[in-house]
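Thanks for making the time; I would like to walk through one model with you, going from its open space to its sheets and then to its rings. Please keep the structure in view while I talk.

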Amino acid sequence: MPQGPQTFDALAVRTWCGLALESLGRAREEIDAINVYPVADGDTGTNLYLTVESAAAAVEAVFAGHAMAAASAPPSLADAVRAMAHGALIGARGNSGTILAQLLRGMAQVLAADSDRAHTDGQGLRRALRHAAESARQAVAHPVEGTVLTVASAAADAASDAEGDCGSVARAAYEGARVALTATTGQLAVLERAGVVDAGGRGLVAVLSALVQTFTGEAPRQTPGSAALPAQTDGTPERPDGAGAETCGDGTAGESGPAFEVIYLLEADDAAVDRLRERLDGLGDSLVVVGGDGLWNVHVHVDDAGAAVEAGVEAGRPHRIRITHFGLGDVHAGGAARPPRERAQRAVVAVVPGEGLAGLYAEAGATTVLARPGEPPASGELVQAVRRAHALEVVLLPNDADLRHTAAAAAEQARTEGVRVALIPTRSAVQGIAALAVHEPERRFDEDVVAMTSAAGATRYAEVAVAERQSWTMAGICQAGDVLGLIDGDVAVIGADVTTTAETVLDRMLAAGGEMVTLVLGDETPDAVATRLEARVREAYLAVDTVVYRGGRQGALLLIGVE
């Protein structure tokens, strides 16, 4: 094969990202197979792949931007590595993906220090690998040996002793990582019982293999240290018996553990993040906080998902929140008494528009996908959520009429993977709340779906929002800044005051009857609005109950449901 470049420039960064994506793509099933803990759904390989995919896309965007600008010179090394690090940060999935994002960020901090340099040499790559390992270790709340952190440190140590160009340094780092990976089996009891190496470390070896190929033109051969597993009859790697596999960087293996995985991006300053680390460390385990310069990626396992999200709200602005409920029988499985790969029988996957609702749904047992205003999830994100739910049967709640086709595509994809999926066409989060309230996993699947569909269909929904521009509506012409009351998706009321408009909407909805009113307040909506609406219901509608939730940054000022 042709020899690659011997210095690290923007083009080499682009090549590395592409080759790393290919390498992880080939190894994904193998890595997933040896990952049972801590997320317990065999997704470490997938998470690493998605993290690098986001990094590669960011680098490609930089090159595309230069091409569109007809720039005579390619992007600088600093431009490329910053894009790589930022892409990995915003796209990081799972514990190992989050740590990998910090490894790439640590490298970028060194390689982009001199923004005018077009490339770096072997010495610069050595320093970048060292800083990457150190910064990743600092990002983990309680680092221990036998994890991806050990493999990263070994790679940096080996690179430090290497002489020569980038190819020589990369090969030394790869060899050091490969040897360290083999040793992880004996460093943690959970790995030794399963007879596997650390899954996150295995992924890092794949990434470093791609780095070697970038500079030498040839990928290192697979070795026994890469944890190759015997294949099943269908050609996929065989999963080990007993507990095993991906440990967190903090090595928190145990017989039981927190019920939820919470991940979100956070816009906050350094001081606020320091306080957040202390608070989250007290709430759960597997805490990893990576990033900097005002943008962070937070990963933690907790029993109180709402508290973890609220801590983020207090620290700054959390978004892209993902909350996964670990099913019974596959959480922190530490021994051979129960098969660690056993799926839950049934799960609910729901799209929710705000952090508060995400916590509410998660506490009710649902796996959530956050939909920020103007950022609807893609079908791939819904498929990933179905995989995270790790159940034989899944009820999918899109909670938005515009997501009907996206959810249908995700459901179809999940069915091809052997998951029985029922899509309930909920058009609002309040309809989803009604469906979730009658969800009973012990019932037959069809009966449960019928009950949830009936509850959602019997719930009228409305929202109160502020008009962004002048527009024609069913209720007349609205101006920018007007308060709009939408009932079942259509504008029914145009007003100037939030409380008055909400009262009018509520009266119209209850005119047709109702037994339960659900109010979900946005983060900018004062409590006085809910207090007034509750009083209105008590005064004018006997035997109608009211419940109030805080939805967070949900877009609408107020969501209303009437069952």
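The largest pocket has a volume of about 1400 Å³. A pocket here is an open set of points on a 1 Å grid over the protein atoms alone, with protein on both sides within 12 Å along at least five of seven lines, and a lining residue has an atom within 4 Å of a point. Grid points are joined across faces, edges and corners, and the volume is the space filled by probe spheres set on the points. Before I go on, let me say that this is a predicted model, in which local features need pLDDT of at least 70 and side-chain atom pairs count only at pLDDT 80 or more, while totals for chains, interfaces and linings use all residues. Residues are numbered from 1 along each chain as its sequence is written, and side-chain values use heavy atoms, with hydrogens and water left out.

Which residues lie nearest the centre of that pocket? They are Glu 463, Ala 465, Gln 554, Gly 555 and Ala 556, out of 45 residues that line the largest pocket. By class, that lining divides into 22 nonpolar, 11 polar and 12 charged residues, where Ala, Val, Leu, Ile, Met, Phe, Trp, Tyr, Cys and Pro count as nonpolar, Asp, Glu, Lys and Arg as charged, and the others, Gly among them, as polar. Strands β7 (344-352), β11 (460-466), β12 (471-473) and β14 (483-487) each supply at least two residues of the lining of the largest pocket, and β11 gives the most, with five. The strand and helix names follow DSSP runs numbered from the N terminus, helices being H or I of at least four residues and strands being E of at least two.

β11 and β14 also belong to an open sheet of six strands, in the order β15-β14-β11-β18-β16-β17 and with mixed pairing, two strands being paired if DSSP finds at least two bridges between them. Its edge strands, each pairing on one side only, are β15 (490-495) and β17 (545-552). At one end of that order, five bridges join β14 to β15, and these two run antiparallel; Val 483 has Gly 495 in β15 as its bridge partner. The hairpin of β14 and β15 has two residues between the strands, and there Asp 488 takes a positive phi near 50°. At the other end, β16 (residues 516-522) runs parallel to β17 and is joined to it by seven bridges, with Leu 521 standing opposite Arg 550 in β17.

Why can β7 be called largely enclosed by the rest of the structure? Eight of its nine residues are buried, so the strand is largely enclosed, with buried meaning under 20% relative accessible area for a 1.4 Å probe and protein chains only, exposed over 50%, and partly exposed in between. On one side, β7 is joined by six bridges to β9 (residues 391-397), and the two run parallel; Ala 344 stands opposite Ala 391 in β9, and Ala 350 has Leu 397 as its bridge partner there. β7 also runs parallel to β8 (residues 367-370), with four bridges between them, and Val 351 stands opposite Val 369.

Finally, the rings. The structure holds two aromatic pairs. Phe 8 and Phe 215 form an edge-to-face pair, at 5.4 Å centre to centre and 75° between the planes. Rings of Phe, Tyr and Trp (its six-membered ring) pair if their centres lie within 6.5 Å, and planes under 30 degrees apart count as stacked, over 60 as edge-to-face and the rest as tilted. Phe 8 lies in strand β1 (residues 8-9) and Phe 215 in helix α9 (residues 199-216), so to speak of distant parts of the chain, they are 207 residues apart. Both Phe 8 and Phe 215 are buried, and ring pairs link Phe 8, Trp 16 and Phe 215 into a cluster.

Terms used
On a 1 Å grid over the protein atoms alone, a cavity is a set of points where a 1.4 Å probe fits but cannot get out, and a pocket is an open set with protein on both sides within 12 Å along at least five of seven lines; lining residues have an atom within 4 Å of a point.
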